[in-house]
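Visitor: I would like to learn how to read the nonpolar core and the charged pairs of a protein model. Could you take me through an example?

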Amino acid sequence: MNVLDLEAITAAPATAEPYPHFTVANALKAAAVPSLMRDFPDIAKPGFFPIDDVPVDGAFAELLSDLQDPAFSAAVGAKLGMDLVLRPTLITVRKWSAAG
């Protein structure tokens with residue numbers, strides 16, 4: 001993985017209350033953050049956008065690759081007690097939210 005720190009994700013504690021979830025400190029590799037910030041799409045409006053609707057280059061492309069990697073799906077699935085490897089992945093992107 002080039003952007004995600006799979007060890008940090010794997011080491012994060014999970015809980016089942018009020019629903020299965022976990023949070024991860026430093027889920028992004030520190031060395032990847034400047035490039036990821038540089039390469040994140042310049043989205044000019046609020047909302048959620050499918051990855052096919054935004055430019056995907058550089059470190060942002062690497063992040064998307066990490067998120068779609070079966071090792072990531074296996075790690076998250078193991079934490080949440082479900083098999084996610086063969087499930088489809090839906091990724092949306094947003095830059096900010098706005099009150100409506």
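Predicted model: local features only at pLDDT ≥ 70, side-chain atom pairs only at ≥ 80, totals over all residues.

Visitor: Which residues have the most contacts inside the largest nonpolar core?

Guide: The largest nonpolar core has 16 residues, and those with the most contacts inside it are L36, V54 and F60. Among the elements that each supply at least two residues of this core are α3 (58–67) and α4 (70–80), and the largest share, four residues, comes from α3.

Visitor: What is L36 in contact with, leaving aside its neighbours within four places in sequence?

Guide: With those neighbours set aside, L36 is in contact with V3 and L28, and also with A59, F60 and L63.

Visitor: How should I read the charged pairs, and how many salt bridges does the structure hold?

Guide: The general idea is that side chains of opposite charge can pair when their charged atoms come close. In this model there are two salt bridges. One joins the side chains of R38 and D39, with an N to O distance of 2.9 Å; R38 is exposed, at a relative accessible area of 59%, whereas D39 is buried, at 17%.

Visitor: Where do K95 and D42 lie?

Guide: K95 forms a salt bridge with D42, in which the closest N and O atoms are 3.2 Å apart. K95 lies in the segment after β4 (92–93) and D42 in the loop between α2 (33–39) and β3 (49–50), so the pair ties together parts that are 53 residues apart in sequence. K95 is partly exposed, with a relative accessible area of 39%, while D42 is exposed, with 68%.

Key
Residues numbered from 1 in each chain as written. Heavy atoms only, no water. Core = buried A, V, L, I, M, F, W, Y, C linked by side-chain atoms within 4.5 Å. Buried < 20%, exposed > 50% of the residue type's maximum accessible area, 1.4 Å probe, protein only. Contact = heavy atoms within 4.5 Å. Salt bridge = Lys/Arg side-chain N within 4 Å of Asp/Glu carboxyl O.
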